[in-house]
Amino acid sequence: MSADTVNVRYMVGDVHQSVDWYVGHLGFSVQLNAAPAFASVERGALRLLLSGRAASAGRPMPDGKLPEPGGWNRFQFVVDDIAAEVERLRGEGVRFRNEILSGPGGSQILAEDPSGNLVEIFQPAAAFAPAR
Amino acid sequence: MTRTAPFVLALVLSFVVQSASAQDAPGEPMRIRYIVKDVPASVAFYTGQLGFRVLGQAGGSFAVLARGGLQLLLSPTVGPGGASRPMPDGRKPEPGGWTRMVIYTSNLQGDVERLRKAGVHFRNDIVIGLGGNEILLDDPSGNPVELFQPG
């Protein structure tokens, strides 16, 4: 693992379905598939850990709380053309929680994976885009 | 929200992008966003307890921290930034849930002891899994952070 690899864990309802979603819609590649318990998929510097109920990360807490998908924390999926990306994803049946928002730093929209976890599609404002 | 807030945010973001492209080239940084109750308290926690450094901060409105290849965006539940706005159906962004960054460590037991002494709240005890050992702690807003030691 590269020192700069970033690991993020999402709880998911169905590991198979989640792997298909991240590979099919967002261009991830499968690193390890131990479905139905666990899978990891990679894209660039991100390793996304997809944990199902049967994974060690799916075990209940001592107070009985059960890990579950959802919430608002998310990774950013950076694109050059957010309108085109959203149109493509909508055409593929991807659900969104809101519409494109424009702020000083760029534009963003929240896509939902099949379990209801968020992915933030983000296009940096032209003034702030890193020189290439 | 004040009229100056977007301008301050723009300055912060400009700084962040410049520093990111200068320091982290050639790879682009990987960013995740956490929703927090209090940006300054969160900045103090992540820098003081978990080894993050501040790339930029717009007071209580927004902050960007970095650790290795990770940039952590901290957005408040109420503020001028886009990530703080309610959804069209009325739902409001809030901290919590189970989605988290995973911080690798070579001394999980030692880190847990140090953090417990510092008053950090843990959701569970160390779990022995197939790939290694892990534990979940809460940031000041109740967002989870996973510490993981490969087995």
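Chain A has two helices and nine strands, where helices (H or I, at least four residues) and strands (E, at least two) are DSSP runs numbered from the N terminus.

Me: What should I know about the model and its numbering before I start?

Reply: This is a predicted model, in which local features need pLDDT of at least 70 and side-chain atom pairs count only at pLDDT 80 or more, while totals for chains, interfaces and linings use all residues. Residues are numbered from 1 along each chain as its sequence is written, and chains are lettered from A and ligands numbered from 1 in the order in which they are written.

Me: In what order do the elements of chain A run from the N terminus on?

Reply: The elements of chain A run β-α-β-β-β-β-α-β-β-β-β.

Me: How do I read a sheet, and which strands form the open one?

Reply: Strands of a sheet pair through backbone hydrogen bonds, either parallel or antiparallel; here two strands pair if DSSP finds at least two bridges between them. Eight strands form an open sheet with mixed pairing, in the order 2(A)-3(A)-4(A)-1(A)-5(B)-8(B)-7(B)-6(B). Its edge strands, each pairing on one side only, are strand 2 (29-34) of chain A and strand 6 (127-128) of chain B. Strand 2 of chain A runs antiparallel to strand 3 (residues 38-43) of chain A, to which five bridges join it, and Val30(A) has Val41(A) as its bridge partner in strand 3.

Me: Is strand 9 of chain A enclosed or open?

Reply: Burial is a count of neighbours: a residue is buried if 20 or more other C-beta atoms lie within 10 Å of its own, exposed if 12 or fewer, and partly exposed in between, with C-beta atoms placed from the backbone. Six of the seven residues of strand 9 (residues 118-124) of chain A are buried, so this strand is largely enclosed by the rest of the structure. Strand 9 of chain A is joined in parallel to strand 5 (residues 74-78) of chain A by four bridges, and it pairs with strand 8 (residues 106-112) of chain A in the antiparallel sense over seven bridges. Phe122(A) in strand 9 stands opposite Val78(A) and is also the bridge partner of Gln108(A).

Me: How many residues of helix 3 of chain B are buried?

Reply: Of the 10 residues of helix 3 (residues 108-117) of chain B, the number buried is zero, so this helix lies largely in the open. Just after helix 3 of chain B, Gly119(B) takes a positive phi of about 90°.
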